[in-house]
Amino acid sequence: MPGPILIFDSGVGGLSVVPPLRRRLPDAALVYACDNAMLPYGTRPDDWLVARIVAVCDAAVAASGCCVLVVACNTASTLALDALRAHLAVPVVGTVPAIKPAAAMSASRHIGLLATSATVARPYTDRLIEAFAPDCRVARVAADPLVKEAERLLAGEEPDQAVIRAVMEPLVRESDLDTVVLGCTHFPLFGERLVAAFPRPVRLVDSSDAIARRTVQVASDPAPRAGRDRSLATAPDAGLARALAGFDFDEPRLLIVG
């Protein structure tokens with residue numbers, strides 16, 4: 001049966017995939033679901049995360065009646081995709097750090113990976129680098145504080161530039177680094193600020209368009225959009241409601257997780 005496309009993230013980061021999804025599927029209904037009650041995911045234990053992600057996505061799939069689940073979260077994807085696909089009846093599209101395209105475009109063969117602590121240290125990330133960037137130096141930076149700054153930005157507050165500069169400093173010091181992978185969906189939300197931290201040109205690469213392309217391939221008969229799209233959240237939050245409204249989603253309804 002027709003259903004909307006469900007986009008899931010721990011917070012507002014998954015909103016970065018909404019514009020490319022709407023460009024490719026302008027008539028499809030979307031539902032955005034976030035587990036803001038447990039934000040941030042990147043610093044939590046793996047076993048707890050897997051169980052929580054499966055529980056929240058199970059509740060969101062049931063509440064939305066979706067035709068496909070887009071896990072617009074690198075932390076969740078690198079950890080729980082197999083568990084989600086085993087548990088859910090709908091197709092699941094994941095998000096992985098854009099190591100392959102970054103390696104393809106890097107002239108210096110020196111790239112950076114900006115991600116949460118969980119993604120930076122995940123064996124899945126090791127395998128991506130081994131498979132697609134074996135001849136590159138990859139500078140990994142755990143950038144968990146940037147998640148909060150992205151949440152602040154979409155809530156209408158000004159991000160702390162000192163926090164951004166401090167997080168970016170290890171990459172800025174790498175003088176021949178020319179490409180940075182944004183390995184968290186929160187980070188493209190303020191890409192211009194990240195570029196401004198560098199005294200030289202760098203390319204930023206993220207997975208948002210690749211996610212949209214894959215969703216087009218697997219989404220079967222998405223329901224048509226009618227007015228503003230729906231949203232779900234595990235905790236009430238005025239800043240979240242403002243962020244969602246900026247992407248044409250309605251007031252989030254409370255998602256009850258069993």
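Arg-22 and Asp-229 form a salt bridge in which the closest N and O atoms are 2.8 Å apart. Arg-22 lies in helix α1 (residues 18-24) and Asp-229 in the loop between α10 (208-218) and β9 (230-233), so this pair ties together parts that are 207 residues apart in sequence. The model is predicted. A search of the whole structure finds 17 salt bridges, and there are two cavities of 30 Å³ or more.

**Salt bridges**
- Both Arg-22 and Asp-229 are buried.
- These two residues also belong to a network of salt bridges that links Arg-22, Arg-225, Arg-228, Asp-229 and Asp-248.
- Asp-209 pairs with Arg-24 in a salt bridge, with 3.0 Å between the closest N and O atoms. Asp-209 lies in helix α10 and Arg-24 in helix α1, so the pair ties together parts 185 residues apart in sequence.
- Asp-209 is partly exposed, at 29% relative accessible area, and Arg-24 is partly exposed at 40%.
- Asp-126 and Arg-140 meet through their side chains in a salt bridge of 2.8 Å, N to O. Asp-126 sits in helix α6 (residues 123-132) and Arg-140 in strand β6 (residues 137-142), so parts 14 residues apart in sequence are tied together.

- The largest cavity has a volume of about 80 Å³. It is lined by 13 residues, and the closest to its centre are Ser-10, Thr-75, Thr-116, Val-147 and Cys-184.
- By class, that lining has six nonpolar, six polar and one charged residues.
- The second largest cavity has a volume of about 60 Å³, and its lining includes Cys-184, Asp-206 and Ile-211.
- The lining of the second largest cavity divides into five nonpolar, six polar and one charged residues.

Notes:
Residues numbered from 1 in each chain as written. Predicted model: local features only at pLDDT ≥ 70, side-chain atom pairs only at ≥ 80, totals over all residues. Heavy atoms only, no water. 1 Å grid on protein atoms, 1.4 Å probe; cavity = no way out; pocket = protein on both sides within 12 Å on 5 of 7 lines; lining within 4 Å. Points joined across faces, edges and corners; volume = space filled by probe spheres on them. Nonpolar A, V, L, I, M, F, W, Y, C, P; charged D, E, K, R; others polar. Salt bridge = Lys/Arg side-chain N within 4 Å of Asp/Glu carboxyl O. Helix = DSSP H or I, 4+ residues; strand = E, 2+ residues; numbered from the N terminus. Buried < 20%, exposed > 50% of the residue type's maximum accessible area, 1.4 Å probe, protein only.
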